[in-house]
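This report examines selected local features of a single protein model. The sequence and the structure are shown first.

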Amino acid sequence: MNKSILVSGASFAGLSTAYWMKKLGYNVTVVEIAEGLKKGGTPVNIRGNTIDIVKRMGLFDQIQSNRITMEMMEIKNSDDVTERLDIIQNDNEQLGEAEYEIERDVLLNMMLEAVKDDVEFIFGDSIASLKEESNGVDVAFKGGQKRSFDLVFGCDGIHSAVRKYCFGEEAEFSHFLKTYFSITIVNKSLIRENTTQMYNEPGKAVFLNAYNNKTDIVLCFFSEKEIPYDYRNEEQQRNIIVNQFSGLGWRTPELLEEVKNSKTFYFDKLCQMKMATWSKGRVALVGDAGYCASPAAGMGGSLAIDGAAALADAFQKCHGDFELAFQEYNKSFRPFIEEVQASAAKFGVEFLVPRTEEAIRERNLQ
């Protein structure tokens, strides 16, 4: 075919898009601003339609053999007493609800292995500008390189550079869900293996998630207005979290020490990306860049995998006509995204971060 595609971002959206477009016969280049795969983050849930997609990608057996089996979720009070206990079914298949939870980094490495020999990777660089011409897109990279591609896919997350250059500023599409969160992963079990513990005070939530001798520390807080901060300044972000959670009960003081001293730290707002279209000319968006549902949905990784497959299926259906394929992608995948976003906004955030003592009590007694 000899047609070339540039994918911006080497996370689930980017690696999945690279896999499918290579399979369709395109020459694929992936550019990633980090020096390698971005590690860290909470485990990924593979369920529903995503199971069929990873089977098509030949990844299912590896996912199955690396699955995490979470056993229970405990909601604690300040005295460390369990107020609510949810037993997580060890074998959801018996209920006809197959679900496979897997470490984010393990799945990312699997996907990289699936494409690394067939796809060109440019790590430590990013797109500086995009200019669409009649027969392609001229791309300038921050490292100084200039190249032309037939199509460009923005798979570069909620702060997408591709979206900014082609569609407009982030603020035009980002819908703030009045919550911020941080993720810190420590290489030890702070609670019993394969369990989740949760503690709330009004407008604040503390989560511990233990598996494979690691513990995710997730801290969430309500904020009526957006907080100005530099999303590349980690020290500033840690300070925001420490200030927000100082003085909280339960195990929060010791957990803040872990956060201060940890090597892995991620902080951002809970938001949703809502766009009238995910494509413009020869450029399209996949995953969080186009339709982030927020981490409250628990589906960031799987939505990216689903979106890349929906895009590839549209290309196949439209025999490679990118204009028709983009129309099909926008039309066929949108109802699913709108359903997930509505559910996350209505139920996810309210369950995770109740704003009043009364709402916490009600949630715990449900």
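The sections below treat a strand and its partners, a pocket, the cysteines, the aromatic pairs and some individual backbone positions.

## Basis of the model

The structure is a predicted model. Local features are reported where pLDDT is at least 70.

Strand β4 covers residues 72-76, and five of its five residues are buried, so the strand is largely enclosed by the rest of the structure. In a regular strand the side chains alternate between the two faces of the sheet. In β4 both faces are covered: Met72, Glu74 and Lys76 are buried on one side, and Met73 and Ile75 are buried on the other.

Rolling a probe the size of a water molecule over the atoms shows where empty space is left. The second largest pocket holds about 220 Å³ of space. Its lining comprises 14 residues, of which Ile185, Val186, Asn187, Lys214 and Thr264 are the closest to the centre of the pocket. Two elements, α4 (104-115) and β12 (174-186), each give two or more residues to this lining.

By residue class, the lining of the second largest pocket contains six charged, five polar and three nonpolar residues.

## Cysteines

How many disulfides does the model contain? The count is zero. For Cys271, the closest cysteine sulfur is that of Cys292, at 4.9 Å, and this is too far for a bond because a disulfide requires sulfur atoms within 2.5 Å. Cys318 is likewise in no disulfide, with the nearest cysteine sulfur, in Cys155, 18 Å away.

Cys271 has a relative accessibility of 1% and counts as buried. Cys318, at 14%, also counts as buried.

## Aromatic pairs

The model contains 22 aromatic pairs. In one of them, the ring centres of Phe121 and Phe123 are 5.5 Å apart and the ring planes meet at 5 degrees, so this pair is stacked. Phe123 is partly exposed, at 30% relative accessible area. Phe315 and Phe326 form an edge-to-face pair, with 5.8 Å between the centres and 75 degrees between the planes. Because Phe315 belongs to helix α9 (residues 300-317) and Phe326 to helix α10 (residues 322-352), their contact ties together parts that are eleven residues apart in sequence. Phe315 is buried, with a relative accessible area of 2%, and Phe326 is buried at 2% relative accessibility.

Ring pairs also join several residues into a cluster, made up of Phe176, Tyr180, Phe221, Tyr229, Phe245 and Phe267.

## Positive phi at non-glycine positions

Most residues other than glycine have a negative phi, and most peptide bonds are trans. Lys178 has a positive phi, near 60 degrees, and lies within strand β12. With a relative accessibility of 27%, Lys178 counts as partly exposed.

Asn212 also has a positive phi, near 50 degrees. Asn212 is placed in the loop between β14 (204-211) and β15 (214-222). Its relative accessibility of 38% makes Asn212 partly exposed.

Methods: Residues are numbered from 1 along each chain as its sequence is written. This is a predicted model: local features need pLDDT of at least 70, side-chain atom pairs count only at pLDDT 80 or more; totals for chains, interfaces and linings use all residues. Side-chain values use heavy atoms; hydrogens and water are left out. Buried means under 20% relative accessible area, exposed over 50%, partly exposed in between (1.4 Å probe, protein chains only). Helices (H or I, at least four residues) and strands (E, at least two) are DSSP runs, numbered from the N terminus. On a 1 Å grid over the protein atoms alone, a cavity is a set of points where a 1.4 Å probe fits but cannot get out, and a pocket is an open set with protein on both sides within 12 Å along at least five of seven lines; lining residues have an atom within 4 Å of a point. Grid points are joined across faces, edges and corners, and a volume is the space filled by probe spheres set on the points. Ala, Val, Leu, Ile, Met, Phe, Trp, Tyr, Cys and Pro count as nonpolar, Asp, Glu, Lys and Arg as charged, and the others, Gly among them, as polar. Rings of Phe, Tyr and Trp (its six-membered ring) pair if their centres lie within 6.5 Å; planes under 30 degrees apart count as stacked, over 60 as edge-to-face and the rest as tilted.
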